[in-house]
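Please keep the sequence and the structure open while reading.

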Amino acid sequence: MAGRGQGPDFVEALARGLDVLACFSTERPAMSLSEVAGRVGLARPTARRLLLTLEELGFVRSTGGQFQLTPRVLTLGMAYVGALGLWDIARPHLAELVARTGESSSMAQLDGSDIVYVARVAVPKLITLRVEIGTRFPAAQTSQGKVLLAALSPDELARTLAEPSRAGLPPYIGRTAGQLADELTEVRARGWALAD
């Protein structure tokens with residue numbers, strides 16, 4: 001993961017620290033030093049120094065040789081959401097929609113060819129899709145993503161879809177680029193999209 005910097009002002013140590021934070025997931029909420037080093041592609045001593053620094057700053061905790069994130073990491077993402085005021089603006093609308101429909105409601109924005117959820121009001125259900133703030137999905141596979149893609153100009157759409165997804169899901173093979181373009185034309189005309 002590290003070693004991507006091109007500019008003269010790129011700080012490799014910061015990039016490595018962010019890589020360490022990003023390597024934790026719902027599938028791997030706790031990892032040993034060796035696991036973190038392997039996932040991030042760092043030498044164990046470097047990973048150890050980064051983890052201990054993050055622990056001292058309160059972003060990571062260590063128990064029984066396993067490291068895991070602390071709730072403090074939410075301050076990083078919430079600073080972004082808070083700066084935009086999205087949650088305060090979206091919450092009453094999402095809550096009203098949830099009350100009227102009995103279904104969960106979310107708000108997302110494009111990040112490359114993916115959408116990233118930035119606000120959500122969920123309804124507890126027996127079987128549900130696990131979506132949290134920061135969850136990433138390929139835009140072309142979701143209703144919110146289709147609406148956002150349909151709003152782009154043809155050049156912007158081509159550039160956006162050319163970017164590789166970082167959602168970690170296998171590519172969707174169910175339709176051609178032409179079929180997606182036709183679907184996005186329909187979405188643009190009617191103002192809503194469906195993903196089933």
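Predicted model: local features only at pLDDT ≥ 70, side-chain atom pairs only at ≥ 80, totals over all residues.

A residue is taken as buried when its relative accessible area is under 20%.

**Aromatic pair**
- The count of aromatic pairs comes to 1, and the partners are Tyr 117 and Phe 137, in an edge-to-face arrangement with 6.0 Å from centre to centre and 90 degrees between the planes.
- This pair links distant parts of the chain, since Tyr 117 belongs to strand β5 (residues 114-121) and Phe 137 to strand β6 (residues 136-138), 20 residues apart.
- Tyr 117 counts as buried because its relative accessibility is 8%, and Phe 137, with a relative accessible area of 15%, is buried as well.

**Nonpolar cores**
- The largest nonpolar core has 18 residues, and Val 20, Phe 24, Val 36 and Leu 51 are those with the most contacts inside it; at least two residues of this core come from each of α1 (12-22), α2 (33-40) and α3 (44-57).
- Leaving aside residues up to four places away in sequence, Phe 24 touches Pro 29, Met 31, Val 36, Leu 51, Phe 67, Gln 68 and Leu 69.

**Charges over rings**
- Arg 72 has its charged end over the ring of Phe 59, at 5.0 Å from the ring's centre.
- The charged end of Arg 190 lies over the ring of Trp 192, with 4.1 Å to the centre of that ring.

Note on methods:
Residues numbered from 1 in each chain as written. Heavy atoms only, no water. Core = buried A, V, L, I, M, F, W, Y, C linked by side-chain atoms within 4.5 Å. Buried < 20%, exposed > 50% of the residue type's maximum accessible area, 1.4 Å probe, protein only. Helix = DSSP H or I, 4+ residues; strand = E, 2+ residues; numbered from the N terminus. Contact = heavy atoms within 4.5 Å. Phe/Tyr/Trp six-rings, centres within 6.5 Å; stacked < 30°, edge-to-face > 60°. Lys NZ or Arg CZ within 6 Å of the ring centre and 35° of its normal.
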